[in-house]
Amino acid sequence: MKELMNQMFSIILRFILYEIFWSDKINITESKKGKAITALFGSLSIILCMSFPFASSSGFIYDLRYIPLVLITLYAGYEVCLLVSLIMFGYRYIIGGDGFYLSVIIMIFVIPFILFWVPRFRTCNPKKRVMMGVLVSFGVAVIDLIVSIAWIPDLFGKEIISYILLSIPFVTIGMAITISLIERIKQNNAIQQQLREAEKLKVVSQLASSIAHEVRNPLTVVRGFIQLFIEGNTTPDKRQQYSKIMLEELERAQFIIDDYLSFARPEIGRIEVIDVNSIVSNATNIMSSYATANGVDIVQNLDENLYLQADKRKLTQVIVNIAKNAVEAMPHSGTLEFRTETRNDEILIHIIDEGIGMSQEQIERLGFPFYSTKDKGTGLGMMVSFQIVRMMNGRIQVQSELGKGTQFSILLPRWKEGT
Ligand code: ADP
Ligand code: MG
């Protein structure tokens, strides 16, 4: 009896731990990795059950292995069920004794019985799932009883029958507790997920109006110039100059929209192996007119043969975001330097300015939405950049000194052939 209690609670504990640590990270019913982890976990749980049975008698062992078996089958499907069953047979064979053949025959009835319920289990609500789980495990325990009676002649004379009968309520109750806890944890996870989504939606909608506002300014400028052009009394020289301003304004609008869109849809697009220097040159091109307008010179100091795996567009955007801030930090001209190098297994992209710099407190606030010290700042550039780099398994380091300048370093994993 004591062993039974022990076994029941250790099973419950195992599944709860499993739920807490894995269930919100991976999808156990669909992803390959999830299924593999579930199979591993389930087999381990069953092996533990069989290693410490609550009773054994002349080659037959009695334990609560049906609880993990029913659980993983209901949640993870038939592939995991068959794999775990095979492992279970293997281990049962190693233990040996007459009980092996009986356990195989029981399983021949039990596995189809559980599998029959899987599609129904998937489609019903949490409450029904708890009930179904309990009923299925009760059914399994009853099948065990019936097959045992049929297999072992005059079973009723032996004490084995009491073990079998005793295991029925324990399997059922253990299942009831485990599955209701699992469903409760799942519900809590779902609620948390919804909160995160709602939070993001809120930020996205808050941004929308500020974005619209930001985009309206360049539109007004461009509209004004085009009206001038239509009136026709502008010299070609002036026209050239106005066109340049118009382009810059439109570019600005484009940056803002890009910032916004990459925040609204943060998932990584097309990942490919890219030459870091081509990306840096690309970003330099995009920045050049902006830098010139602010009296900033750009220098490049690029190491050779730096390859990494990333989404070209996104990485360009990060560099542009940081470089744009660097230019804006140098209101009275200065030099903006792009430097690339490799260190151990990482590629480093440094963006160095001679601008106003930041205090420690300012550095710590970088990346928070809407943190901006500029009149027309959106406070989004850094947030988006941090997010993108984090998704690329990289990080951003910042060194800065007030009045001297700032160095942003993007560190990303280097691409190695064959990975
Ligand atoms: P925004 O540029 O719209 O203000 P960002 O998220 O791009 O928003 O930057 C947030 C803030 O971080 C800036 O307002 C500025 O105060 C600070 N910052 C970022 N980069 C630099 C830099 N290179 N030098 C000084 N301050 C910087
Ligand atoms: Mg910025």
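# Briefing: sheet, helices and ligand shell

Strand β7 (residues 346-353) pairs with β9 in the antiparallel sense, over eight bridges. The model is predicted.

- Strand β6 (residues 334-343) runs antiparallel to β7 and is joined to it by seven bridges. In this pair, E341 stands opposite L348 in β7.
- As background, strands of a sheet pair through backbone hydrogen bonds, either parallel or antiparallel.

- Strand β8 (residues 395-401) and strand β9 (residues 405-413) run antiparallel and are joined by seven bridges.
- V398 has F408 in β9 as its bridge partner, and E401 stands opposite G405 in β9.
- Three residues lie between the strands of this hairpin, where G403 takes a positive phi near 80 degrees.

- Which of the 22 residues around ligand 1 come nearest? They are N325, S372, G377, G381 and M382.
- By class, the shell around ligand 1 holds nine nonpolar, 11 polar and two charged residues.

**Helix α3**

- Helix α3 (residues 66-76) has 11 of its 11 residues buried, so it is largely enclosed by the rest of the structure.
- The buried residues of α3 include Y66, P68, L71, T73 and Y75.
- Just after α3, G77 takes a positive phi of about 90 degrees.

**Helices α4 and α5**

- Two packed helices are described by the angle between their axes and the distance between the axes.
- For helix α4 (residues 78-95) and helix α5 (residues 99-123), the axes come within 11 Å and cross at roughly 170 degrees.
- How are α4 and α5 oriented, roughly parallel or roughly antiparallel to each other? An angle over 145 degrees counts as roughly antiparallel, and α4 and α5 are therefore roughly antiparallel to each other.
- On the α4 side, the contact is made by Y78, C81, S85, F89, R92 and Y93.
- These residues meet F100, S103, V104, M107, I111, I114, L115 and V118 in α5.
- By class, the contact of α4 with α5 has 11 nonpolar, two polar and one charged residues.
- An α-helix has 3.6 residues a turn, so residues three or four places apart point the same way.

Notes: Residues numbered from 1 in each chain as written. Chains lettered and ligands numbered in written order. Predicted model: local features only at pLDDT ≥ 70, side-chain atom pairs only at ≥ 80, totals over all residues. Axes fitted to C-alpha atoms, helices over the stretch in contact; angles between N-to-C directions. Helix = DSSP H or I, 4+ residues; strand = E, 2+ residues; numbered from the N terminus. Parallel < 35°, antiparallel > 145°, perpendicular 65-115°, else oblique. Contact = placed C-beta atoms within 7 Å. Nonpolar A, V, L, I, M, F, W, Y, C, P; charged D, E, K, R; others polar. Near = placed C-beta within 6 Å. Pairing = 2+ DSSP bridges. Buried ≥ 20, exposed ≤ 12 C-beta atoms within 10 Å, placed from the backbone.
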